[in-house]
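Subject: Structure for your files

Hello,

Here is the structure I said I would send. My notes follow it; please read them with the model open.

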Amino acid sequence: MFDAATTPLVQVDGLKMYFPIYSGILRRHTGNVKAVDGVSFNIQAGETLGLVGESGCGKSTVGRALLRLYEPTAGAVVIEGEDIAKLTPEALRRKRPTMQMVFQDPQASLNPRMTLADIISEPLVEHTKWNADRRLERVYELMDAVGLNRRFANRFPHEFSGGQRQRIGIARALALNPKFIVCDEPIAALDVSIQAQVVNLLEDLQEKLGLTYLFISHDLSMVRHIADRVAVMYLGRIAELSPRDDLFAKPLHPYAEALLSAVNEPDPSLARRPRIILKGDVPSPARPPKGCNFSTRCPKAFARCHVEKPELQEVEPGRHVACFLYAPQTGSTGTSEAKEHNQQGEYQ
Amino acid sequence: MLTFTLRRLLLAIPTLLVISLVIFLLVDLAPGSPMSEIPLTVPPDVRRKMMEALGADQPVFVRYVLWLRQFFWVEPATLFDGWFGTNWAGGEQRILSWQSRAPVFTIIGQRIPQTLTVIGTAYLVGVMIALPIGIYSAYRQYSLFDQLGTLFAMIGFSVPTFFSGTLIIIIFAVTLGWFPTKYDTNLSVTDWPSFVKQLQQMAMPVMTLGLANAAVISRYMRSSMLDNMGMDYVRTARAKGLTERVVVLKHVLRNSMIPVVTVIALGIPSIFGGAIITENLFGVNGIGAALIGAIHASDLPMVQTLAFIFAVLIVSFNLIADVLYGLLDPRIRYD
Amino acid sequence: MKLKTALLGAACALSFAPAAFADRGTDGEVKFTFPQAVSIMNPFLSSGTKDVYAASLVLEPLAGFDADGVIIPKLVTEIPTLENGGISADLTSITWKLLPDLKWSDGSPVTADDAVFTAAYCMDPAGGCAQLSKFDGVAKVEAVDASTVKVTFTGPKPNPYTAFVGALSPILQKAQFAACQGAAAPTCTDPNNMPIGTGPFKVTGFTVNDTVTLAMNDQYRDPAKPAFASAVIKGGGDAEGSARAVMETGEFDYAWNTQIPPDSQASMTAAGKGEFVVAFGTLVERIEMNMTDPDPALPEGERSTAKHPHPFLSDIKVRTALSKAIDRQILSDVGYGAGGKPTCNVVPAPDAWASDNTGCIAQDMEGAKKLLDEAGWVPGADGIREKDGKKLHVLYQSTVNPIRQDFQALIKDWWTELGVDVELKAIDPSVFFGGDAGSPDTFQKFYADVEMYANNSDGTDPETYLSQYQCVNAPSPENQWQGENMNRFCDPAYDAKVKVLTTTVDVAERQKIAKELNDMVTKDSMTVIPLVHRGTLSAHSNTLGGVKINAWDSEMWNVADWFRVK
Amino acid sequence: MIEVITAIPKPESALRAIWHQFRSHKGAVFGLVVLSLLIIAVVIGPYLWHPEKLTVVEALKSKNKGPSLRFPLGTDQLGRDMLQRMIAAGKVSLAVGFVAMMIAIIFGTLIGVLAGYYRRLDGPLMRLTDMFLALPLVPLLLVIMMLFRDRAASILGPELGAFTLIVFAIGITSWMQAARIVRGEVLALKEREYVLAARSIGSASRRIITRHILPNVVSPVMVAATLGIAEAIITESVLSFLGLGFPPDFPTWGRLLFDGLSYMQVYPERVIWPGLAISLTVLSVNYIGDGLRDALDPRIRGR
Amino acid sequence: MPDRAAPILDVRGLKTVFRTRGGEIHAVNDVSFHLERGELLGVVGESGSGKSVTMMSLIGLLPSPPAEIRAGTVMLGDLDLLKITPEQLRNVRGAKVGFIFQDPMTSLNPVFNIGFQIAEPLRRHMGMNKAQAKARAVELLELVGIPDAAKRLGDYPHQFSGGMRQRVMIAIALACDPDVLIADEPTTALDVTIQAQILELVKELRVKLGMAIIWITHDLGVIAAIADRVMVMYGGQIVEQAPVKDLFANPQHPYTRALLKTIPSLTGAREKRLQVIEGQPPIMTTAPSACAFRARCIHAFERCEVENPKRHGVDQLALGLGHDVACHWVAAPVPAETADV
């Protein structure tokens, strides 16, 4: 998985997505909402990268900027060797079939006035010259693949339950045989008993079709289940990017740690992680703190955190953390110090 | 909020300039001549001389620039002089009506009071009728009252005022003899009998216009109330144990009023613009009657000035509606 | 002879004053309603009838006309005539003697200077005076002494009663208007709205296009008049509303110009609160035949000009046939009721000037058909007459006006029966009468085959009116379409006869020539088809006494004599 | 599997579903019935009702008659049969109302969609809309009619020319409300996830607009449209009154109403018939609009 | 149970029906439960399981029409909330029963400041004047942990973050010291770190104020963290009820079991594949005459198709105290083997 020889399917480098703020009488550009502020990661073919964080941290914006549904402010998004961020509109259009998206709200992401068949065949209309029969055949194939009864082809979205709608959304995303799918909180709006169905479906499809996922979610337990590696975002930046098992066993970044501790384990018999209650709220992305973005709420923050932004660095093999508590892997003192801090953190 | 308002005001200036030019050209292009009311016995050369005396023979752009100057400098200066006794206008030529040779602004000044009283009252009455109807229709959606309210609104939409107005005259003035058919603009309210007289002469135009206004606004009120009746905060209010009265008339109404107030604000220019047909029908002789009279007589300076004032009012009240929205809805802050 | 009638007229007017007449200002207020509101009180700056009539309550001419069209003195001691030497023997001057002790409503004396000023005021080329034609041919106006005004003409003037005669040319006060001459005339808002006059009333309040309030003039020359202490003129609305306010609700005493359908007249009269009165002047509703070709295919500038005669209307048989097919009595009944009567003359009144031409009154559909057959226009398969493959298609234009639209509908029916294909068009009056050379829809351009409107002669003498049908007066691109000869009638014999008329002094002779001219454009050539002799319909309440409607001067010519019936 | 395919309901059911939903709206059904009757009356009325052609004199003998067997709606001041005139007038009025409304709606929707969808066009187009809203309507109509009447008449003939010009003039001066409503809706719709989804598929803007935006602005447009018909019919009557509408012998309901006003007191039925016809049309169109709005929305329909 | 004091809230045989154009929806079917003083009762179930509707039925918060309460008694102390007049019911709402809703953004009226919104129930029920209400509002805001409480009274809901808004909602619900607090998914719309804050707060307040709480959620994790007792709802019925430890340690109803399995664990062994409950929750168009879960139940057998199971507790089954379950298979698990394949 970490074989340097294989080029990753998706390479994101220094992605920034600023939404400008205009103010004053002359509507001068006076600032930016830094929704995504310098994010870099790779996704290998066939891998699932989990992207977690709280609402407003910019995780969905990353997903959308990745498919250039937003025009990124800076940075490169290389998918299969082509920089999505710089393609011409026509080239981008031709590139679209390789990368698709599954949306959060299955209600909102389906046009209420189109039938299921119309919705699923829309990408086919756009990108193939197939006739209606050929398209319908493909629609049936896809419906079979996502477990929707063919009889439903002429029904409208509102006639389906949430889980079925999400299957429609997935079928639409699959229509053009994409390689890479951004799953933007695909289960957040679903009931618990349905979430599992959808996650299983995504996993099955990945296995069958060799898909690559960017799985955006705020549900840590689901991410733990599906992702191979996990990136934890906070206020537009990646706080930690680690292999799944490492992260869940021992989060390094204080934020990741607090986040994991806040999740309520449904099984009282299992050992509960000591809860770290963070104080206050997430700052506004329009006015991020001067130093580390997490410095305002971090229980371990020290002077440097308030003046300097830590970069994401590899501190252990495969584990990247943006925190001054950890020195880069090459240094030796940093690690032990970090561990010390970490220990303290655990028993707060 | 302030910067938003200032910005919108600045933007309004070029918009209004363009509008003024378009209006000027449009009115100028329109067919008709100020000479049409001159009897046929007046020979052509006399007519021509009369046109010259009006300045109507000047090229249109010359007249436009002159008009701009008069509108934006001479008239405000004259007004200022009138208040403070200064002499900014320096006796410069004001905008004169071709029809009456009187300054257009003097005429407008004479006519605003009755337009505001009558049309304003009609609007007010319309709003006062519409709000309860809209509120109750929404509160009892699909009830008999709601159906009747819908019918009332539809009738208000579909009956032209020249029809309803004439009908009202025949019923209330001719048959019942309750109200005078001609509005006396010289009546000044000084005591109780004159006040009653004023009420009597306002009754019919107010009825005619009130019906039309109430129809539109009650629809807005109803749909806005319906939008808000289902909101979560209504449930919260009920969960607090508040009475239905407080829930509906305080919590729901306050929210529903936000869009309705802006709709009401957007309708205000039409008060100043007068109601052409109604004013004419009842002899109110306000701004609307002045406009239609000026159009019939091809009194271009009058039409141009009135049309432009109307445009200014529309643009201003658009702005006011936006600002009101921001003031009423604490969630909205224009930056 | 003329003096005699004039004096008789004056005596008549005076004797009308009932004995019951009490003192000035004892009858309260008289209320007028005009469907068109008063714009200005200076008739020199607007010749809108509403303005002229309103002003006539305040401003007076030297002499006016009574209800029979007889000239009567107003501010002068007597009417100047050849006999009394008031008119010079060579007909080039007329001398007026002002009444003694005549005062303006502000108390200052009326002098000959005021008349001199008034003439200068109107004749100033920059002033845009609407009554300039009243001073046509006036060389100079001078004050012989404080009470004598002498008007000198450029040549002999058979009819010298133009300047200072009638409501259209009253006397202005020099003191008030001195600064308002020439280009400044329109800017003098206050004098224009509240002129000082000699009439029975003076203006106390004026709101443009709305209301005029007046109070009795304390300086009025007859100390017993007016009976009313105040007057108010409320304008606006429509004829219906005005009539209703007098006839049904009784809110007003007098409504001018209440032209409403005959049925409504009847029902309103039934309410019993007032009565309608009609004044027959010279107004004639007529159809003008276009003698030139209005074909849109012709190049602009040649359309409707003498270059191209009309393809079928130039044939007198067609014109006559169209006239014969019309039943004028029906038109009059349907449109005007008591306010109209069928006529075949363009000059229908006064009787002495009107031709006894009644040949067109009876409808003759068969005769009309025969004429068309003779002219070669025979019915085609669709019933429409055709000749040489061309259909008989008539574009018939008029102004927007319910009665005219009824007329159009009726006449269309008759003409359709005749086998003529009729296309109707109604044009907004402000465009039709606007005279804008840029508009295709003016009555002068006459881009249609026939057009219908009403026109009248100003005053009792039709000379100017009849002279309009001279060749030179045909509207054309050369004169910016400003002529009055709408149908482009052109007959050298007619022009010659008009010339004779302008130099003839003898009234009887003048009347004879006028009748001949009338016949030439009507029954002889059928270029003008008169339809209805129209009166002005007004209404007054039963409590208003002294009303004597007048078609030759202001309807309020004798307002000083009006009183409240108790 | 093949069995399953054959069992798939055909899309026709959608139409039936719309009809089914529409039928459940009592007001809409009433509106449809009334409007259909009016349309049928004006379309086949002339074939069923053709009173004998009277000469002017005969007609005038029976002028201003009240309703009778011979003249079901009475006669006018010239003795013309009101029923016949109402039928002829209805054809024109209904046609003007619908066509002018269509023009206004199409134009307004176009402007609204462009302004809402393309951020760069938003400012200029909305200024244009403001300007039209602020323009004096009557002079604008006068100018349009004056400039083009002759040309239209010469190309299309006096009646069709007048019709074309009138509906165009009314359309061009009444699209602003629709444009503003549509723009607001489009601004909101643009942010919906399904539009984003369409973009992620690579759909062109044109297709997104036609497939995703337009169908979803149907409801507000429907409301604007129903109001538009009434306005168009009444505006036509004002135009005719000012002499800028149809030739004077060309009756329309608005015109009959206007003409009848002078006779209102004596012969009230003269205004009642056209007034009733206009009001019924507007009323029924409004109710149909209500019903259609519900019926076209699959979410409501499903319930 | 009989030896303990009478429950603060006792609900018996509650039936609620929605009348829609498509027919009736039986949202709550014969629900009976009780709430002890000072107890925190967790209610879990998927959306549409009737948990919110049940709680709103108690104090008449459902819009009627379309909702209609068909049967049942709701005893709050001595009052039957279904029998008293609307006016009396209003006196209960906000005073004796507080309510917290899911979405703190939409549940607060956007156009009134929070000071006003907190003061409203105080003035209505406690008869306080403006100044008293204001003082109490400050106290309440401090109680729920809003810093600078006095200053923030004049702020509007949109000026607060999601967590802070929910604290305001709690302050409103607690304003009149209610005996019962009903919290309808109060943390679902919040981020986990904020949810943790709110849960801490509620735990604290319980200790401080000692009221009984009904906590509706679909998140078993939250239940595990704070509840004393749990009710599991499905198809408008209570299918299982137990003290919290008992439920997690010894779930009985197949639905409860499946639900616990579908949720991946954060700390436990990572399963290769998630357990799934196939199918969809039912829409109850008729009153239940069979087990509502039968279509998705791996243990379903003939009896499940014909008879709606009754709840059986400690008397009939070998369960812990206060643990009962409505399932034929649990009551007589004979044919389970055949169905289990």
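C:Lys425 is buried, at 14% relative accessible area (buried means under 20%, exposed over 50%, partly exposed in between, with a 1.4 Å probe and protein chains only). This is a predicted model, in which local features need pLDDT of at least 70 and side-chain atom pairs count only at pLDDT 80 or more, while totals for chains, interfaces and linings use all residues. Residues are numbered from 1 along each chain as its sequence is written, chains are lettered from A and ligands numbered from 1 in the order in which they are written, and side-chain values use heavy atoms, with hydrogens and water left out.

Salt bridges

C:Lys425 forms a salt bridge with C:Asp441, with 3.1 Å between the closest N and O atoms (a salt bridge is a side-chain nitrogen of Lys or Arg within 4 Å of a carboxyl oxygen of Asp or Glu). The pair links distant parts of the chain, 16 residues apart: C:Lys425 is in strand S17 (residues 421-427) of chain C, and C:Asp441 is in the loop between helix H12 (429-432) and strand S18 (450-455). Helices (H or I, at least four residues) and strands (E, at least two) are DSSP runs, numbered from the N terminus. C:Asp441 is buried as well, at 4% relative accessibility.

Another pair in chain C is C:Lys497 and C:Glu516, whose closest N and O atoms are 2.6 Å apart. C:Lys497 is partly exposed at 28%, and C:Glu516 is partly exposed at 25%.

In chain E, the side chains of E:Arg90 and E:Glu87 meet in a salt bridge of 3.2 Å, N to O. They are separated by about one helical turn because they sit three residues apart in helix H2 (residues 86-92). E:Arg90 is buried at 14%, whereas E:Glu87 is partly exposed at 38%.

A network of salt bridges links A:Glu90, A:Arg93, A:Arg94, A:Glu126 and D:Arg207. Over all chains, the structure holds 71 salt bridges.

Backbone

One runs from C:Lys225 to C:Pro226, with omega near -5°; C:Pro226 is in the loop between strand S8 (211-216) and strand S9 (230-235). The other joins C:Ala349 and C:Pro350, with omega about -10°, and C:Pro350 lies in the loop between strand S12 (340-342) and helix H10 (365-375).

C:Asn209 has a positive phi, near 55°, in a residue other than glycine. C:Asn209 is in the loop between strand S7 (201-207) and S8 of chain C and is buried at 14% relative accessibility. E:Asp177, also not a glycine, has a positive phi of about 50°. E:Asp177 lies in the loop between helix H7 (162-174) and strand S7 (180-184) of chain E and is partly exposed at 48%.

Surface of chain B

B:Trp83, in helix H3 (residues 60-84) of chain B, is exposed, with a relative accessible area of 63%. B:Trp73, B:Leu79, B:Phe80, B:Trp83, B:Phe84 and B:Trp88 make a nonpolar surface patch of about 740 Å². Patches are made of residues with over 30% relative accessible area and no salt bridge, like charges being joined within 9 Å and nonpolar side chains (Val, Leu, Ile, Met, Phe, Trp, Tyr) within 5 Å; accessible areas come from the Shrake-Rupley method with a 1.4 Å probe, and for residues only the protein chains shown count as cover.

Regards
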